[in-house]
Amino acid sequence: MLEYQLLGQAWAQCTITTGDTSTTIIASYLFDALSSLAEAVLAIAKGRDQAEAIFVDEPREYHWVFEQSDQVPIKILEFPKCFFYQTADKGKTIFEAQCPQIILVRAMIRCLADVLQLYGLDGYLAQWGNHEFPEKTYQQLRSQLKQLKQPPQ
């Protein structure tokens, strides 16, 4: 399960829960967190070997790392400083779990749908700041979900 909500002007929080494992990450508008997360999930759904999303929580930075699999390994790394070239060995793992790929894609779609319903396109932009709601990625995820449901030929 993914939950994303805006916290006033230019701040957001995202909670990820898989089974009995959960964590909440704060993000600032300095990096387009929701788009980054949605694009990473889309990349995995389309078959990319690995994808990464970045959340910036001044002064920290978080990297969500996804790997291609039917049971997608998800790891969130925390780095003490943001906007520096980060290698995984410099980060501290704060979340690690696996999730069926189709469940991950559905959770991302549901998360985006909830955000869109709650804020609308204009409200999201007004509260989040410099970044628009990732409408194109949302539609691509919905299309990709249909392909994931179809049996291989």
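Arg106, Arg110, Arg142, Lys146 and Lys149 form a positive surface patch. A patch takes residues with over 30% relative accessible area and no salt bridge, with like charges joined within 9 Å. Lys and Arg count as positive and Asp and Glu as negative, while His and the chain ends are not counted. The place of a charge is NZ of Lys, CZ of Arg, CG of Asp or CD of Glu. Two elements, α2 (101-128) and α3 (135-149), each give two or more residues to the positive patch. The most come from α3, which gives three residues. Arg110 sits in helix α2 and is partly exposed, with a relative accessible area of 49%. Buried here means under 20% relative accessible area, exposed means over 50%, and partly exposed is in between (1.4 Å probe, protein chains only). Helices (H or I, at least four residues) and strands (E, at least two) are DSSP runs, numbered from the N terminus.

This is a predicted model, in which local features need pLDDT of at least 70 and side-chain atom pairs count only at pLDDT 80 or more, whereas totals for chains, interfaces and linings use all residues. Residues are numbered from 1 along each chain as its sequence is written, and side-chain values use heavy atoms, with hydrogens and water left out.

Charged side chains also occur in pairs. A search of the whole structure gives three salt bridges, each defined as a side-chain nitrogen of Lys or Arg within 4 Å of a carboxyl oxygen of Asp or Glu. Asp57 pairs with Arg60, and their closest N and O atoms are 2.9 Å apart. Asp57 is buried at 7% relative accessibility, whereas Arg60 is partly exposed at 32%. Arg60 also forms a salt bridge with Glu78, where the closest N and O atoms are 3.5 Å apart. Arg60 belongs to strand β5 (residues 60-67) and Glu78 to strand β6 (residues 71-79), so this pair ties together parts that are 18 residues apart in sequence. Glu78 is buried, with a relative accessible area of 18%.

The remaining pair is Glu96 with Lys75, whose closest N and O atoms are 4.0 Å apart. Glu96 lies in strand β7 (residues 92-100) and Lys75 in strand β6, so the pair ties together parts that are 21 residues apart in sequence. Glu96 is exposed, with a relative accessible area of 52%, and Lys75 is partly exposed at 31% relative accessibility. Through shared partners, salt bridges join Asp57, Arg60 and Glu78 into one network.

Two backbone features come next. Glu58 and Pro59 are joined by a cis peptide bond with an omega of about 10 degrees. Pro59 is in the loop between β4 (50-57) and β5. Ala10 is not a glycine, yet has a positive phi of about 75 degrees. Ala10 is placed in the loop between β1 (2-6) and β2 (11-18) and is buried, with a relative accessible area of 8%.

The cysteines are left. The whole structure contains zero disulfides, a disulfide being a pair of cysteine sulfur atoms within 2.5 Å. Cys111 is buried at 2% relative accessibility. For Cys99, the closest cysteine sulfur is also in Cys14, at 13 Å, and so too far for a bond. Cys99 is buried at 8% relative accessibility.

Definitions and conventions: Patches are made of residues with over 30% relative accessible area and no salt bridge: like charges are joined within 9 Å, nonpolar side chains (Val, Leu, Ile, Met, Phe, Trp, Tyr) within 5 Å. Accessible areas come from the Shrake-Rupley method with a 1.4 Å probe; for residues, only the protein chains shown count as cover.
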